[in-house]
Structures are given as structure tokens and as C-alpha cells.
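Dear colleague,

I am passing on the structure that I have been looking through, and would be glad if you could read the notes below beside it.

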Amino acid sequence: MIDPELAKSIRLVGFDIDGVMTDGGVYLGDVDGQRVELKRYDIQDGLGVGMLRRAGIRVAILTGRVSESVRLRAEELNVDDLAQDPDGYKLGAFHQLIEKHDIDPRQCAFVGDDFPDLALLRIVGLPVAVGNAVPEIVRVCRVHLNAPGGRGAVREFCELLLKARGEWESAWQSYVAERSTIPQSTRT
């Protein structure tokens, strides 16, 4: 599904949050007079992101909302870069990010679902649409995932990219091998 030569050229993968890493739903509430925003993330998607990082691919989250939930998720996943723009502008942050890391946009993939992602999807080397992306996004993307956002789309893409690079087997095997020994700190 992804050309191996293109897959091997990818140095950075960017993800949208709402509609890609989540199903797009947002829970808003108030706790003791403080606004609270909650989102649901897919654990298998998170493991896929870890596999990208294990393969040496930079991971970035670029979102058009500011949310503590997103900051916490980015921290949990050890993503390399996080850009949250309250006005929905992602392109400027993306250009700063690739300039900082000396990466050409053609060496990047971006996974999106809706209009705020379109500017990025038009310039990256590997534009990707989740299964529930709007038709206008699907039209500009080279890869069309089956899974919807927040329900395995990120994991599906991570596997496709790493398989096309010939790195999937070693990534998951090393992950399992690390967890198949008992850490010294827990031995009695």
C-alpha cells in the first residue's frame, strides 16, 4: 500500500488529534470552577506511535486546539514535538518544526481527517487519511486507512509504514523481548 522507497524516506510523522488520535468527541465540563476537557485515546494507537519512535522516526502532534489532555498524551507517548494552535493554524508550526530538525516536507507523513489538515496534507511527501476523513481530504491523500480516527487508524498507519520499510517485525519483536524479562527492580 505504501511504496517502500517512499516509506524509507520518511523521517517525521505528524498526527492531528481530534478525529485522528481521538474519535473527534470532546467532553467538556467544570470541576471546582475550572474548565475540564477530556478525550478518549486508543491504547493500540499509542503503541504504534512507540513503534515509530523505536524505528527512529520523529513523531509530532499538530492540533488546532489547546488542551491539557493533548499535552498529557504527547508526554505519555514521548512524542518529539507538540504544536497546539488555538486558532487552528498548523502550517506555520509545521514549517518551524521541519526547519528546526532540517527535514524536507517530502520526508514527512501527516495523518489527517478534516479541513484544518488540508494545508499540511498538500505539502508532505506522504499524506494519509483516516477511514472517516471528509471526501476533500481523501482526494488529496495517497494512503486511505480503513480504521476511523480514535479507533485504530494511527496503529494501522504505523504498521503500514513500518512494514513498507521492512522494520515492523524487528520493532514489535524487540518490544516483546524487552517485556519478556523480569526487571531487576521487581525481583525478590
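What follows is an account of a hairpin, a loop aspartate and several salt bridges.

This is a predicted model, in which local features need pLDDT of at least 70 and side-chain atom pairs count only at pLDDT 80 or more, while totals for chains, interfaces and linings use all residues. Residues are numbered from 1 along each chain as its sequence is written, and side-chain values use heavy atoms, with hydrogens and water left out.

To begin with the strands (DSSP runs of E, at least two residues, numbered from the N terminus), S2 (residues 27-31) and S3 (residues 34-38) run antiparallel and are joined by five bridges; strands count as paired if DSSP finds at least two bridges between them. Asp 30 has Arg 35 in S3 as its bridge partner. The two strands form a hairpin with two residues between them, and Asp 32 in the turn has a positive phi of about 55°.

Asp 16 sits in the loop between S1 (12-15) and S2, and at 5% relative accessibility it counts as buried (buried means under 20% relative accessible area, exposed over 50%, partly exposed in between, with a 1.4 Å probe and protein chains only). Its side chain makes a polar contact with the side chain of Lys 90 at 2.8 Å; a polar contact here is a pair of N or O atoms within 3.5 Å, where, within protein, one must be able to donate a hydrogen and the other to accept it, and residues adjacent in sequence count only if both atoms are side-chain atoms.

The count of salt bridges comes to 20, each being a side-chain nitrogen of Lys or Arg within 4 Å of a carboxyl oxygen of Asp or Glu. Glu 37, which is buried at a relative accessible area of 11%, meets Arg 35 in a salt bridge (2.9 Å, N to O) and Lys 39 in another (3.0 Å, N to O). Arg 35 is exposed, at 57%, whereas Lys 39 is buried.

Elsewhere, Asp 81 forms a salt bridge with Arg 58, with the closest N and O atoms 3.5 Å apart. Asp 81 lies in S5 (residues 81-84) and Arg 58 in S4 (residues 58-63), so the pair ties together parts that are 23 residues apart in sequence. Of the two, Asp 81 is buried at 7% relative accessibility, while Arg 58 is partly exposed at 25%.

Notes
Helix = DSSP H or I, 4+ residues; strand = E, 2+ residues; numbered from the N terminus.
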